[in-house]
Amino acid sequence: MQGKIVKGISGFYYVHVVESGIYECKAKGIFRQQKMKPLVGDDVEIDIISEEKKTGNVAAILPRKNALIRPAVVNVDQALLIFAAASPNPNFNLLDRFLVMMGRQDVPVILCFNKCDLITEEQQQEIASIYEASGCKILFVSAKKELGLKELQEILEGKTTTVAGPSGVGKSSLINLLAPEACMETGEISKKIERGRHTTRHAELIQLKGDGYIMDTPGFSSLYLPEMEKEELQDCYPEFAAFEPYCRFQGCSHISEPDCGVKEALSEGKIHPVRYENYCQLYGELKDRKKY
């Protein structure tokens, strides 16, 4: 029988099989020998031990489309990054760190600003202007007022989407609106392992109505940059690409060199200063990072 791992806790893997439900499984010893660990998002084959008790063993892990290091999930089509438009105000430096992380793993990102009912249309446009050239889809929604949910649902349809964002931005409220059955399914798993839902936070895959999954991951308050060279950072800022041919020096860092096409575009308002300032800060961190 084939299914998808929706949660993994303490050596137990909860596998969702379409039209059959969730099976509590252990992984066979062969995976330890192969030094391969099943992960949330894995498509797997399971052997049923008890249909009545919904138990089984993970017998095989099917080929992975991709694998994210942080969060440790696989077979993801896109990332939905949720920040609050206000209360709290968005931390754009933290947001850029996430974009760098996903950019390094070639995962498309949808930027979703919740609590849009707390800001004016003009303020929405200002936030959107920061990221309009970043290659990200930008959405403004309100879980409280249930605004913008239809467009968000359309973007999630048929995809496996990892959902991330800082604590306190309304991530759980949005997930509950997108997947009202999520609490019920989670409660079923918690009952099996005799733990409360919030005892420990793990990545968890939730089936949406129709065809699609969202992957809820723990909230973050800080993000370390991935292992990379400082020269690679500019590849995570797509809006720089059009202006790099106008740099006098090949391999220009766009920070201290004269006749820099990116800095000229910045002065002309073609690159948003928030993005450029974050780039400079992150570049400095990578430059100062000690290598052992």
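Predicted model: local features only at pLDDT ≥ 70, side-chain atom pairs only at ≥ 80, totals over all residues.
I noted a positive phi of about 60 degrees here, although N75 is not a glycine. I found N75 in the loop between β7 (73-74) and β8.

I then looked up K54, another non-glycine residue with a positive phi, near 55 degrees. K54 sits in the loop between β4 (43-50) and β5 (55-61). With a relative accessible area of 22%, K54 is partly exposed.

P88 belongs to the loop that runs between β8 (78-84) and α2.

**α2 against α3.** Next I followed α2 to its neighbour. The axes of α2 and α3 come within 12 Å and cross at roughly 40 degrees, and the crossing is right-handed. From α2 I listed F92, L95, D96 and L99 in the contact, and from α3 I listed I127, I130 and Y131. Sorted by class, that contact has 6 nonpolar residues, 1 charged and no polar ones.

**Helix α8.** I compared the length of α8 (residues 273-288) with expectation: its 16 residues should span 22 Å at 1.5 Å a residue, and the end C-alpha atoms are 23 Å apart, which agrees. Which residues of α8 are buried? I have R275, Y276, N278, Y279, L282, Y283 and L286. They cover an arc of only 160 degrees around the axis, so they lie on the same side of α8. E277 and D288, on the other side, are exposed. Among what covers the buried residues I found α2 (92-104), α3 (121-131) and α7 (261-267).

Terms used
Residues numbered from 1 in each chain as written. Heavy atoms only, no water. Helix = DSSP H or I, 4+ residues; strand = E, 2+ residues; numbered from the N terminus. Expected span 1.5 Å × (residues − 1). Buried < 20%, exposed > 50% of the residue type's maximum accessible area, 1.4 Å probe, protein only. Arc of directions from axis to C-beta. Contact = heavy atoms within 4.5 Å. Axes fitted to C-alpha atoms, helices over the stretch in contact; angles between N-to-C directions. Left-handed = near helix turned anticlockwise from the far one by under 90°. Nonpolar A, V, L, I, M, F, W, Y, C, P; charged D, E, K, R; others polar.
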